[in-house]
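Open the structure in your viewer and get ready to select as you read. We will go stop by stop.

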Amino acid sequence: MSTSVLGSLRPVFRAIASVVVPEADRFDDAAWGELESLVEESLATRPAALLRQIRLLLRVIEWLPVLRFGRRFSSLDAPTRTQVLAGLQNSRIDRLRVGFWGLRTLVMLGYYGRPAGGESIGYKPSARGWEALG
Amino acid sequence: MKDVAYDIVIIGSGAGGGTVAQELAPMCSDGVRIAVLEKGPRLRDSDFSGREVDMAQVLYEDGGGFLTADGSMTLAMGRGYGGSTIVYTGTSIAAPERVIRNWNVSGLSFDEVQRRTNKFIDENNVHLLPEDEINENNQLFVKGCRRLGYRVEQFPVNVKGCLGSSLCNLGCPNQAKQGTHRVQLPNAERGGVEVITRCEVLRLDGRNVVARVDGRAAGGVGEPSPWAPGEYRIQAKVIVVCGGAVNSPALLLRSNLQASLPRLGHGFTCHPALILVGEHNKPITNFVGHPKSYYLDQFVQSDGFILETCMYFPFTTAKSLSGFGEDHAAFMRVFPNLQMILLLACDHVEPDNRIAIDRQGRPVVHYRFTPEVKRSLTQGTITAAKIFFAAGARRVHVPAASNPTVTSDYADSVDQIVDETYFRPGSVTVSAAHLQGGCGMGLTVADSVTDSHGRVHGVPWLFVADASLFPDSIEINPYLTIMALADRVAQHIRQEARTLLGGGVTHA
């Protein structure tokens with residue numbers, strides 16, 4: 001049995017991630033793999049109920065736009081995807097808002113948690129601290 | 001299940017457990033057997049990689065993402081040999097006199113807390129950093145505060161040989177921070193105390209501690225446990241619970257003590273915190289140098305908040321900024337230009353904020369923001385924004401607003417821009433460290449879980465020695481006060497050793 005949380009929901013997760021962090025839109029498969037493995041590792045020890053909620057939310061985000069736009073989330077253009085996610089972020093329903101906050105946090109963990117994510121924004125820490133500044 | 005026996009078992013190795021271990025260690029020379037059981041691993045010096053996600057997975061519960069029951073806040077709880085003292089910034093503040101007086105714990109005086117605090121100020125090398133080691137992120141905070149006429153103060157810190165890696169919250173890669181992992185636990189081990197890492201306590205069964213040793217390496221780093229993997233029943237004459245304000249009450253709840261202790265889990269409080277960001281026109285020294293050198297506490301009594309300098313890592317910063325997409329990324333792209341301020345709200349005990357457990361016995365933290373906390377976070381955000389602008393920031397991110405980006409053109413309007421209604425679950429990233437209460441001290445079971453010596457009411461052999469003892473908010477960074485109280489608990493155990501342990505043991 002697969003322990004992957006994202007599994008078959010990778011396409012919608014990547015579509016969401018590309019809106020949350022625009023730079024992710026330029027990712028190749030290797031970079032996506034790195035991002036997703038950080039997400040999977042961070043979820044590995046979390047309760048099964050939380051993992052079910054994440055998968056459910058990904059499905060909701062994928063299919064909810066069909067009601068309004070006639071297309072699944074992963075088939076929408078970038079501005080419309082942004083509109084959908086902004087709706088979740090500002091939802092009057094606590095659970096939707098909190099759920100999206102959690103998903104957004106996972107994307108940011110995957111993107112900025114990679115060493116390359118930090119380097120891309122000029123974050124270059126050194127254990128040597130002041131000495132490393134030269 | 002394997003059976004072992006000790007005279008004293010200490011559960012947890014942070015500011016509380018590490019201190020108790022050191023203070024009881026002299027009893028080992030009289031043949032008293034003492035063990036510290038620590039859930040997390042003991043890391044080798046080379047294991048402190050400074051990589052944010054990797055270190056967080058190893059050193060924090062749930063990788064730092066432990067959520068309150070309604071998902072409105074994450075709680076930071078350290079684990080490992082040294083507990084949360086591995087991952088704090090070493091900021092060392094003594095409890096204010098008014099706080100200890102307001103706690104109103106019979107038998108606990110401010111003078112005594114201060115005397116014991118001073119002991120650890122000496123022992124853990126607490127001092128002020130010299131001016132030439134203060135980075136621009138901290139200097140700008142001082143500049144902004146002084147321009148506004150605020151009384152900014154420098155944090156004493158407990159470092160020795162700090163190189164300024166700024167990685168304190170991921171564990172110091174240079175072993176400069178003088179937490180219990182560097183001072184008290186090594187002293188305890190030299191005195192004969194055994195420290196069993198990767199050992200999670202499941203429950204207390206009378207005076208038996210039921211625990212499980214994990215053979216897996218958390219995150220693939222750290223030393224293996226000195227005990228073989230498996231379940232253990234550890235017989236003890238005295239048990240001292242030092243698992244922190246979430247895990248200590250949860251352990252006692254799992255051990256079915258709630259029937260005789262109606263206050264167990266109640267009285268939980270913390271410092272809900274926001275990480276606030278201001279952007280300057282040019283890079284500043286921010287991720288080099290000690291991250292937390294100054295604080296502003298002049299608003300703590302009037303508005304219930306403290307501001308502290310801080311510098312966090314890319315993921316922590318990203319999740320703390322509201323929103324997503326281009327506006328969010330625009331702040332992240334100028335990371336070297338960012339100044340950061342940590343806003344801490346000083347929450348107080350509320351009837352509904354408490355620790356419980358779920359069906360599996362895992363801790364559940366019920367916590368809701370009170371109107372007072374929302375006001376504190378709002379006023380604190382406004383004050384921080386003014387400090388950023390006074391320090392020369394070109395724009396500031398205020399998370400609780402319809403448009404979180406405020407440029408300097410609108411600096412005078414920040415009071416109108418910050419919107420209290422955004423402090424609701426899922427809208428703003430609020431994290432809390434400094435978790436307190438749940439096993440509060442007091443006089444009787446009607447108002448507390450323990451007496452002023454940390455002894456659990458009605459259970460003479462069971463003690464608590466950590467931040468869960470606090471009957472209300474400490475309103476400052478708590479570790480020195482935890483150590484002072486743990487020192488007091490340990491002294492009481494030594495004084496009562498003959499009764500508690502039997503035989504000829506005396507160690508007052």
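Two residues count as in contact if their C-beta atoms, placed from the backbone, lie within 7 Å. Keep that in mind, and remember that this is a predicted model.

**Stop 1: where the chains touch.** Select the contact between chain A and chain B. Chain A puts in 37 residues, and chain B puts in 33 residues. Helix 2 (52-59), helix 8 (314-320) and helix 9 (326-332) of chain B each supply at least two residues to it. Which helix of chain B gives the most? Helix 8 of chain B does, with 4 residues. Colour this side by class: you will find 15 nonpolar, 12 polar and 6 charged residues.

**Stop 2: two helices in chain A.** Select residues 10-20 of chain A, which form helix 1, and residues 78-89 of chain A, which form helix 4. Their axes come within 10 Å and cross at roughly 90 degrees. Angles of 65 to 115 degrees count as roughly perpendicular, so helix 1 of chain A is roughly perpendicular to helix 4 of chain A. Show the side chains at the contact. Helix 1 of chain A brings A15(A), I16(A) and V19(A), while helix 4 of chain A brings A78(A), R81(A), T82(A) and L85(A). By class, this contact has 5 nonpolar, 1 polar and 1 charged residues.

**Stop 3: a sheet in chain B.** Select the open sheet of 4 strands in chain B, ordered 1-10-9-8 with mixed pairing. Strand 1 (2-5) and strand 8 (199-205) of chain B are at the edges; each has a single partner strand, so one side of each lacks a neighbour in the sheet. Neighbouring strands are turned by 30 degrees against each other on average, direction ignored.

Finally, zoom in on strand 8 and strand 9 (residues 208-213) of chain B. They pair in the antiparallel sense over 6 bridges. Select C199(B): opposite is V213(B) in strand 9 of chain B.

Definitions and conventions
Residues are numbered from 1 along each chain as its sequence is written. Chains are lettered from A and ligands numbered from 1 in the order in which they are written. This is a predicted model: local features need pLDDT of at least 70, side-chain atom pairs count only at pLDDT 80 or more; totals for chains, interfaces and linings use all residues. Axes are lines fitted to C-alpha atoms, for helices over the stretch in contact, and angles run from 0 to 180 degrees between N-to-C directions. Angles under 35 degrees count as roughly parallel, over 145 as roughly antiparallel, 65 to 115 as roughly perpendicular and the rest as oblique. Ala, Val, Leu, Ile, Met, Phe, Trp, Tyr, Cys and Pro count as nonpolar, Asp, Glu, Lys and Arg as charged, and the others, Gly among them, as polar. Two strands pair if DSSP finds at least two bridges between them.
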